Amino acid sequence: VGFALETEDEKNNAIKKLKSKNLDAIVLNSLNDIGAGFSGDSNKVTYIDKKENYFSSELKSKSLIAKDIFSQILSRYA
């Protein structure tokens, strides 16, 4: 699972990284969402698997985001 921080054409750029790095999934971080990003305690992400299935989280604590990401990995590969 990789991570992509994008500001423009976010999903398309994340999918390009997913494919070019031959990843099973990528977690898209956007700096365009208020309250999300690296400087605070909250985030909002989109998990994209290699079949281009999406799971978008709501804005929440980073520890809950980590649980969401882990749940997505388990649900797709368990």
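Predicted model: local features only at pLDDT ≥ 70, side-chain atom pairs only at ≥ 80, totals over all residues.
User: Where does Asp9 lie?
Analyst: Asp9 is in the loop between strand 1 and helix 1. Helices (H or I, at least four residues) and strands (E, at least two) are DSSP runs, numbered from the N terminus. Asp9 also has a positive phi of about 45°, although it is not a glycine.

User: And what's phi for Asn22?
Analyst: Phi of Asn22 is near 55°, a positive value in a residue other than glycine. Asn22 lies in the loop between helix 1 and strand 2. Asn22 counts as exposed, because its relative accessibility is 67%.

User: OK, helix 1 then. Which residues are buried there?
Analyst: Ala14, Ile15 and Leu18 are buried in helix 1. They cover an arc of only 100° around the axis, so they sit on the same side of helix 1. That arc is the one spanned by the directions from the helix axis to the C-beta atoms.

User: Which residues are exposed on the other side?
Analyst: Lys16 and Ser20 are exposed on the other side of helix 1.

User: What covers the buried ones?
Analyst: The cover for the buried residues of helix 1 includes strand 1, strand 2, strand 4 (45-49) and strand 5 (54-56). Contact here means heavy atoms within 4.5 Å.

User: What do strand 1, helix 1 and strand 2 make together?
Analyst: They make a right-handed β-α-β unit. To check the hand, point the strands away from you: a crossover is right-handed if the path from the first strand over the helix to the second runs clockwise. Helix 1 covers residues 10-20 in that unit.

User: In which sense do strand 1 and strand 2 pair?
Analyst: Strand 1 and strand 2 (residues 25-30) pair in the parallel sense, over 5 bridges. Two strands pair if DSSP finds at least two bridges between them. Phe3 has Val27 in strand 2 as its bridge partner, and Glu6 stands opposite Ser30 in strand 2.

User: How many residues of strand 2 are buried?
Analyst: Strand 2 is mostly covered, with 6 of its 6 residues buried. Ala25, Val27 and Asn29 are buried on one side, and Ile26, Leu28 and Ser30 are buried on the other. Strand 2 also pairs with strand 4 in the antiparallel sense, over 5 bridges. There, Leu28 has Thr46 in strand 4 as its bridge partner.

User: Zooming out, how many helices and strands are there?
Analyst: The protein has 2 helices and 6 strands, in the pattern β-α-β-β-β-β-β-α along the sequence. Its radius of gyration is 12 Å, close to the 12 Å that the globule rule gives for 78 residues, so the protein is as compact as a globular protein of that length. The radius is taken over C-alpha atoms, and the rule is 2.2 Å times the number of residues to the power 0.38. The C-alpha atoms fill a box of roughly 30 × 30 × 15 Å along the principal axes, and buried residues make up 35% of the 78 residues.

User: Last one, where is Ser63 found?
Analyst: Ser63 is in helix 2 (residues 62-77). Ser63 is partly exposed, because its relative accessible area is 48%. Ser63 and Ile15 are 48 residues apart in sequence and 25 Å apart in space, C-alpha to C-alpha.

Notes: Residues numbered from 1 in each chain as written. Heavy atoms only, no water. Buried < 20%, exposed > 50% of the residue type's maximum accessible area, 1.4 Å probe, protein only.
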